[in-house]
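This report describes a structure from the whole chain down to single residues. Please keep the sequence and the 3D view at hand while reading.

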Amino acid sequence: MKKTTVKILFVVLALGLGAFALAGCGKDSNTIKVGFNLELTGDIPKVGEASKFAAEMLKEDINSKGGLEVGGKKYKLEFVYQDNEAKAESAVNAALKLINQDGVVAIVGPNSSKQAVPAAATCNDAQTVMVTPWSTNVDTTKDRPWVFRACFLDAFQGPVATNFAAKQFGAKTAAVIFDISNDYSKGLAEIFKQEWEKKMGAGTVVGYESHGTKDQDFSAQLTKIVAAKPDFIFVPDNYNQVALIVKQAHDLGYKGPFMGSDAWGSAELMTLCGKDCIGQFFSTHYAAAGAQGATKEFIDRFNTKYKYVPDDVAALTWDATRLVLQAIQNVGKVEKDVKTERKAIRDAMANIKEFDGITGKMKFAGTGDPAKCAVVVQISPEGKFVFKQSVCPE
Amino acid sequence: MEIFQNILNALQFGSFYALIALGYTLVYGVLRLINFAHGDIFMVGAYIAYFLAVTLIGATGGFNVGLHVSPAVALAITVPVTMILTALVGVTLERTAYRPLRRKGANRLYVVITALMAGLVLENGNLALLGATRKRFPDLIDKVVWNIGGVAVTNLKVVVIVAAIIVFAMLQFIVTRTKIGMAMRGISYDKFAIPLMGIPLDTIIVVTFVLGSGMAGLAGILFAMSYPILEPYMGALIGWKAFIAAVVGGIGDIRGAIVGGFLLGFIEIGVVAVFPSTLRDLFAFSVLLIILWLRPTGLFGVAETTKI
């Protein structure tokens, strides 16, 4: 009895190891493998899903035309998706798996800064290009020549929020509630506080409260904030927490406005938040309502295919992936050795000066960060994100 | 006024800890088993309530059977049915996971590990079945915000606090004043001698699980109404904290669970109200640690020789 158990265990172990060994093989010379490090489960699954949908759409587009043309030859695209569970440590593992086992030439994602900052360190060390569609935290690309992004930075988003709120609400005082364990949320909250106090004078941020990622009750923090009577509350939080925070603030008798950041802009925000979020504002990467040209074409196709209006993550993933593919094409040929190929892609990425994305024009000035415009949208009674204002870098 | 508002907040959040801690304490009191899956039974209760509610009011996301009852009626049906179904989940868990081990005379440590695994199975089973997308619990009662001298009170908050106190009174009555309660207390003294007195051990254990899981189901509905975003892992952290509340109160004693639950609520809210909110869990659990340091058996606990 005991012997058989041991034998079975041994066989299972051997099979497991075998699977590892096999995973690394099978590189086909006529395909190009791009990795995706996405939040498919965990706190923000809709973000990962939107990314994957956009990538799949792009892949089908190119593969249906015979593949990506590099140096006169067409290569089929193969996209490998790894789930990072919206956790920092899993994002590192997912990146390592893509680099070492799947042998991808470049990685798109993770989206959220909480995952993107640690994953970027891994990719930079392993000398593989990583392009994050949605991570706005400064640390993601800082001193990391292998890391790029397709969105603006929080240092730009913070002032956009302060200027807009000061004008729109005629606000003199502000309060902030943010997620202390999320790099994105914490970073943006700090920038906002700094900007607001620079503009309005010291002590004008009357409430500055934090919470944890898994928290569901914010009543104590919000009681403090409501008692300080701010003109508006700035909430740089993920959409799932936004839904709870806004509702609980209303439960505590708060009637003033909220200002949000780009992490609000998920297609799922309104299903979770409902009528509490109507009329609130947030800064984001693009506004789906009223878009034109290539952006509109993308939105319409996405909408027919997946039955919902793509959020900013979907659009940014589209741009980020196209950036990578552009770099691959710019190299002019596909190297046999994956390491040489990665190096060639990095150099090509660094040489892209301007890129016309569906989320606007991006200008790269020698770093991995593009200069591009932000928009502020308002949530309409039908739950649409309606364009209010566009702010471009000077 | 801030202080009254915070007392109210603490009572509301403490109510959830108390309701869940009651389930831990009941099962521990009878079986000397820490049912680590209890937080996840609470999560299952919230999901059951969700599916019942959306099906009844005919919203998208449930089973479309063409029902369109009014939210108030839906709530009246959802509460008892959820409690019954969640109780069934608890009993099934006892039947499939704990009873076979008990029959084989396994050490309690193994049963506790089984409970941990059962909790993970529930979490990940839900993830596999329903996916990672969150669910939004529909509004079943019209929210009313009363403003009494600067203190904002919603009708839901009052319902939650009253429910926790009624449940406590009811369980306290069952355990201390009824025959079943006497049998439960008897089993906790000596589970080998009790069957010899003609008391059906398994039936009493099933009753215990029905009571504990039913309360988790009720907590699930109330929680889903107060914090209407459901996800598979929602029960894990609150379950752990409620367990700690039960231990601090003195696990095995119903008064301990309710006091521990409210105490944890008050400490958590109090820390945030006075100190920067970043320090909440650090302070809250340091305070609990000190309480346990002074009274290792919890506030209402009695010293015992064997424990896990």
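The sections below go from the overall fold to the sheet, the domains, the chain contact and some single residues.

## Basis of the model

This is a predicted model, in which local features need pLDDT of at least 70 and side-chain atom pairs count only at pLDDT 80 or more, while totals for chains, interfaces and linings use all residues. Residues are numbered from 1 along each chain as its sequence is written, and chains are lettered from A and ligands numbered from 1 in the order in which they are written.

## Overall form of chain A

Chain A has twelve helices and 16 strands, where helices (H or I, at least four residues) and strands (E, at least two) are DSSP runs numbered from the N terminus. Its radius of gyration is 22 Å, close to the 21 Å that the globule rule gives for 394 residues, so chain A is as compact as a globular protein of that length. That radius is taken over C-alpha atoms, and the globule rule is 2.2 Å times the number of residues to the power 0.38. Along the principal axes, the C-alpha atoms of chain A fill a box of roughly 65 × 65 × 40 Å.

Of the 394 residues in chain A, 54% are buried; a residue is buried if 20 or more other C-beta atoms lie within 10 Å of its own, exposed if 12 or fewer, and partly exposed in between, with C-beta atoms placed from the backbone. Among contacts in chain A between residues at least 6 apart in sequence, 66% join residues at least 24 apart, a contact being a pair of residues whose C-beta atoms, placed from the backbone, lie within 7 Å.

## The six-stranded sheet

In chain A, six strands form an open sheet of mixed pairing, in the order β2-β3-β1-β4-β5-β6; two strands pair if DSSP finds at least two bridges between them. The edge strands are β2 (68-70) and β6 (147-149) of chain A, each of which pairs on one side only. From one strand to the next the twist averages 30°, with axes being lines fitted to C-alpha atoms, for helices over the stretch in contact, and angles running from 0 to 180 degrees between N-to-C directions.

Within the sheet, strand β1 (residues 31-38) and strand β3 (residues 73-83) of chain A pair in the parallel sense over eight bridges, and G35(A) has V80(A) as its bridge partner in β3(A). Helix α11 (residues 312-331) of chain A packs on the sheet, where it touches β1, β2, β4 (106-108) and β5 (129-132) of chain A, and its direction makes about 30° with that of β2(A).

## Two domains in chain A

Chain A is divided into domain 1 (27-152 + 293-371) and domain 2 (154-284), with bounds that come from an automatic or database domain assignment. The C-alpha centres of these two domains of chain A lie 30 Å apart.

Their contact takes 18 residues from domain 1 and 17 residues from domain 2 of chain A. On the domain 1 side, the elements that give two or more residues are α2 (45-64) and α4 (113-125) of chain A. By class, that side has eight nonpolar, four polar and six charged residues; Ala, Val, Leu, Ile, Met, Phe, Trp, Tyr, Cys and Pro count as nonpolar, Asp, Glu, Lys and Arg as charged, and the others, Gly among them, as polar.

## Contact between chains A and B

In the contact between the chains, 22 residues of chain B meet 26 residues of chain A. On the chain B side, α1, β2 (145-148), β3 (151-154) and α10 (254-274) of chain B each supply at least two residues, and the largest share, five residues, comes from α1(B). The residues on this side of chain B divide into eleven nonpolar, eight polar and three charged.

## Single residues

L19(B) lies in helix α1 (residues 2-31) of chain B and is buried, with 27 other C-beta atoms within 10 Å. Not counting residues up to four places away in sequence, L19(B) touches A164(B), V167(B), M215(B), L218(B) and A219(B).

In chain A, a cis peptide bond with omega of about 0° joins G109(A) and P110(A), and P110(A) is placed in the loop between β4 and α4 of chain A. D143(A), in the loop between β5 and β6 of chain A, has phi near 55°, a positive value in a residue other than glycine, and is exposed, with 9 other C-beta atoms within 10 Å. K307(A), in the loop between α10 (293-306) and α11 of chain A, has a positive phi near 65° and counts as exposed, with 7 C-beta neighbours inside 10 Å.

Conventions
Contact = placed C-beta atoms within 7 Å.
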